[in-house]
Amino acid sequence: MTYHPSTTNADASVQSAFALPSYISDIIARFDAAGYEVFCVGGCVRDMMRGVTPHDWDLCTSALPEQTLALFADKTCLTVGIKHGTVTVMWDKNPVEITTYRCESAYIGHRAPSSVTFTPSLREDCLRRDFTVNALAYHPTTGLRDFFGGADDLRAGILRCVGSPSERFDEDALRILRALRFSSVLDFDIETDTAAALHTCAPLLTYISGERILSEFRKMLIGVRAASLLCEFADIIAVFYPPLGACAGLQPQIETCFARCTTAETRLSALLCLCGCTDAAEVRSTVSRLPVERRFLDEVTALTINAANMPPVTRADMRRRMTAESVGHITDQLSLHASLFPAHTDDCNRATALCASVAASGDVTRISQLAVNGRDLAAEHMSGRAIGECLQMLLDAVIDDKVENTRDALLRYLKLR
Ligand code: ATP
Ligand code: MG
C-alpha cells in the first residue's frame with residue numbers, strides 16, 4: 001500500500017499517493033477559483049490510497065447544481081442526475097460526476113430516497129455514505145478528509161459501516177450486498193458489528209430490485225474472497241437464490257472450484273452443482289429469479305446440467321463438440337468439470353489443450369468449411385432435404401478422418417456411399 005498516515009492535512013506522503021489526472025485537477029481548480037469547496041470522494045479516493053488506478057472519478061462540492069452548471073457553461077453537461085444533485089461534466093471527453101453535498105433524508109421502503117436535501121457540510125455528505133473506506137474525501141491542497149477512521153480501516157483491510165450498521169442497512173438494504181461485494185473484491189474483513197447486522201437485516205433484501213441485486217452479486221461472485229463470504233453469508237444469498245443456502249458448509253469445495261473457475265458463469269454453475277441444483281428446469285427457474293440476460297441463463301444452464309460429463313478424449317470427439325459449442329464454452333465446461341472432480345484434472349487439462357489445438361489448426365467442424373456445398377450436390381442430381389443430410393454425413397466423415405476435405409475426395413466418397 002502506498003499510503004501511510006491517517007490525517008486531515010495535506011502532508012507530503014498523502015500527496016504522493018494521489019496522482020490526479022489533469023482533467024480532474026483542472027475541474028478542481030475552476031471550483032477553487034470560484035470560491036466553492038470541492039473534493040474527490042468515495043471509490044476514487046479509496047482506490048488511489050490502495051495504489052489502484054480509479055476507474056472513474058467522483059467529485060462532491062458545496063456548489064449547488066445550478067452553480068456547477070453555470071461554472072461549466074462552456075462544457076457539455078449532462079443533467080440526468082440533477083434531481084439527486086449530480087451534474088456530469090464532459091471534460092476532454094471524460095465524463096465526471098459532480099454532486100452537491102447531500103445529507104440523509106427520509107429513506108422509504110428500505111431503498112435509497114428519491115429526493116435529497118443539500119447541505120453546505122462535507123462531513124454531512126460523508127455521513128450518508130455506506131462504509132468508512134468509501135467516505136474519504138481528498139483535495140490537492142487541503143488534503144485528505146477522513147471523518148470516520150476510513151484511512152485506518154483501509155490500512156487494516158476492514159469494511160465498517162459509517163454509523164450504526166443495522167440502521168444503515170435498514171435505510172437502504174442494497175448496502176447489505178454492497179458490503180459483501182466490497183469485502184469480496186477488496187479482500188477486506190467485515191467488522192464484527194457490521195457482519196452481525198448483515199445477518200439480521202438480510203430479509204430486507206426483498207425490498208431491493210433484482211437489477212441492483214444482480215449487479216452487486218455478480219461483482220461479489222468474481223471477487224477474491226467470494227468463497228468464504230458465500231459460506232459465511234449463505235443466509236443472505238438464499239434470500240434471492242434459495243438453493244445456494246446450502247453453501248454454508250461447503251467452503252473447502254467452493255474454494256477448490258473457484259481456484260479454477262473465475263468467471264461469474266462458471267462460479268455460479270459450480271455453486272449450483274455443489275448445492276445439488278442440477279436439473280435443467282430447476283437451474284433455469286433459480287438463475288432467472290434475478291433478471292439475468294438470456295445468454296447468461298443459457299450459459300449457466302448448459303454448464304450446470306453438463307457438469308458431470310466426461311471430457312472428450314479423441315480429436316474427433318473434440319471436433320464433434322466444436323460443431324455445436326464455442327471454444328470458450330468448452331474450455332469453461334472443462335474447468336468446471338475439473339474443479340468439481342479434481343481426480344479428472346489431468347483429463348480435463350489434456351482436453352483443454354486438444355480444444356486449443358483443434359481450433360488453432362482450423363480442423364473442419366462446420367458444414368460451411370467443407371470443400372463442397374449445396375450447389376455441388378445439386379449438380380450430382382440431389383435436391384431438398386437430401387442435400388442437407390448428405391452435407392451432414394460428409395461433415396461426420398471428415399470429422400472422423402474417413403475422408404479428406406477436398407472436393408474430389410468428398411464427391412468420390414459420396415458416390416461410394
Ligand atoms: P466502484 O465504482 O469501484 O464500484 P464506488 O465506491 O465508487 O466503487 P459507487 O457505486 O460508484 O461505488 O458509489 C460511489 C460512492 O457513493 C461510494 O463510494 C459511496 O461513498 C457512495 N454510495 C454509493 N452507493 C451508496 C449507498 N447505497 N449507500 C451509501 N453510500 C453509497
Ligand atoms: Mg464509483
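A disulfide here is a pair of cysteine sulfur atoms within 2.5 Å. By that rule, this predicted model has 0 disulfides.

Take Cys126 as the worked case. The closest cysteine sulfur to that of Cys126 belongs to Cys60, and the separation is 6.1 Å, so the pair is too far apart for a bond. Cys126 is also buried, because its relative accessible area is 0%. Cys390 counts as buried too, since its relative accessible area is 14% and the cut-off for buried is under 20%.

Another cysteine, Cys40, takes us to strand β1, residues 38-41.

Now the neighbours of β1. Strand β2 runs antiparallel to β1, and 3 bridges join the two.

Next, the largest pocket. Its volume is about 1,500 Å³. The lining has 49 residues, and those closest to the pocket centre are Asp58, Glu97, Arg128, Arg129 and Arg178.

Which element gives the largest share of that lining? Helix α8 does, with 7 residues. Several elements each supply at least two lining residues: on the helix side, α3 (43-49), α8 (174-186) and α10 (210-221). On the strand side there are β2 (58-61), β4 (86-91), β5 (94-100) and β6 (102-103). So β2, the strand that is joined to β1 by 3 bridges, turns up again in the pocket lining, where β2 supplies at least two residues.

As for composition, how many lining residues are nonpolar, polar and charged? The lining of the largest pocket divides into 19 nonpolar, 12 polar and 18 charged residues.

Last item, helix α17, residues 315-324. The buried residues of α17 are Ala316, Met318, Arg319, Arg321 and Met322. Two arginines, Arg319 and Arg321, are therefore on the buried list, by the cut-off of under 20% relative accessible area. What covers these buried residues includes α18 (327-340), α19 (345-360) and α21 (385-399).

Key. Residues numbered from 1 in each chain as written. Chains lettered and ligands numbered in written order. Predicted model: local features only at pLDDT ≥ 70, side-chain atom pairs only at ≥ 80, totals over all residues. Heavy atoms only, no water. 1 Å grid on protein atoms, 1.4 Å probe; cavity = no way out; pocket = protein on both sides within 12 Å on 5 of 7 lines; lining within 4 Å. Points joined across faces, edges and corners; volume = space filled by probe spheres on them. Helix = DSSP H or I, 4+ residues; strand = E, 2+ residues; numbered from the N terminus. Nonpolar A, V, L, I, M, F, W, Y, C, P; charged D, E, K, R; others polar. Buried < 20%, exposed > 50% of the residue type's maximum accessible area, 1.4 Å probe, protein only. Contact = heavy atoms within 4.5 Å. Pairing = 2+ DSSP bridges.
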